[in-house]
Amino acid sequence: MLIPDFIFYLGIRVIISVLSDWHNKIMKRAEQLQKLSREHHGSLVMAKNIAEIAESGSDADLLEAIKTVAEYYDDELELHFQHEERTIFSLIFGEYREHIAIATTLLKEHGFIRMLIPKLTLETARIDLAEFALVLKNHTRMEERELFPIIEELFSDEQLDAILDFVPLD
Ligand SMILES: [Fe+2]
């Protein structure tokens, strides 16, 4: 049976419109997670540098690395953790409880890093910095590869916008 031309073209237009909406949504979602993803890239670079110093740096390098890590934590990482905890983890614990396991693992790693940073000293720096670098690397990869796809699939536009619009507490 022949389909009248106007119905055929109407169908094509509907398909194009649906695909276009889907494309816009993906682009928008990527935009909403972009700041956190940029910070994740910084975390992976930091983890790589610190791992190298922990493995073969001199004492002076280790002291410098302790200072670098402490400044990085104060200037960026703590805020990054709070950003995720207040706009992502809190929603998983409240609304998307089927993903509590991954949120709990990631939250524990935030806690581990928070406890480790103030304890860094030259005496244990080689072991502790190596541990910091390893946890930060694996943690960041898990967020990018496992957590963010879950967010993109489940979070509403309003919930995604709240990630973008996050303002840290004073
Ligand atoms: Fe993160």
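Here is a short tour of the chain, stop by stop.

Before you click, know that this is a predicted model, where local features need pLDDT of at least 70, side-chain atom pairs count only at pLDDT 80 or more, and totals for chains, interfaces and linings use all residues. Residues are numbered from 1 along each chain as its sequence is written.

The C-alpha atoms fill a box of roughly 80 × 35 × 30 Å along the principal axes.

Next, select helix H2, residues 59-94. Look at tyrosine 73, where a kink of about 50° is centred (the bend is the angle between axes fitted to the seven residues ending there and the seven starting there). Tyr73 is one of the buried residues of H2 (buried takes 20 or more other C-beta atoms within 10 Å of a residue's own, exposed 12 or fewer, partly exposed in between, with C-beta atoms placed from the backbone).

Now show Ile50, Ala65, Val69, Leu129 and Ala133, which touch the most other members of the largest nonpolar core, a set of 17 residues (buried Ala, Val, Leu, Ile, Met, Phe, Trp, Tyr and Cys joined through C-beta atoms within 7 Å). H1, H2 and H4 each supply at least two residues of this core, and H2 gives the most, with 6.

Last stop: apart from that core lies another, of 12 residues, including Ile88, Ile92, Leu106 and Phe155.

Definitions and conventions:
Helices (H or I, at least four residues) and strands (E, at least two) are DSSP runs, numbered from the N terminus.
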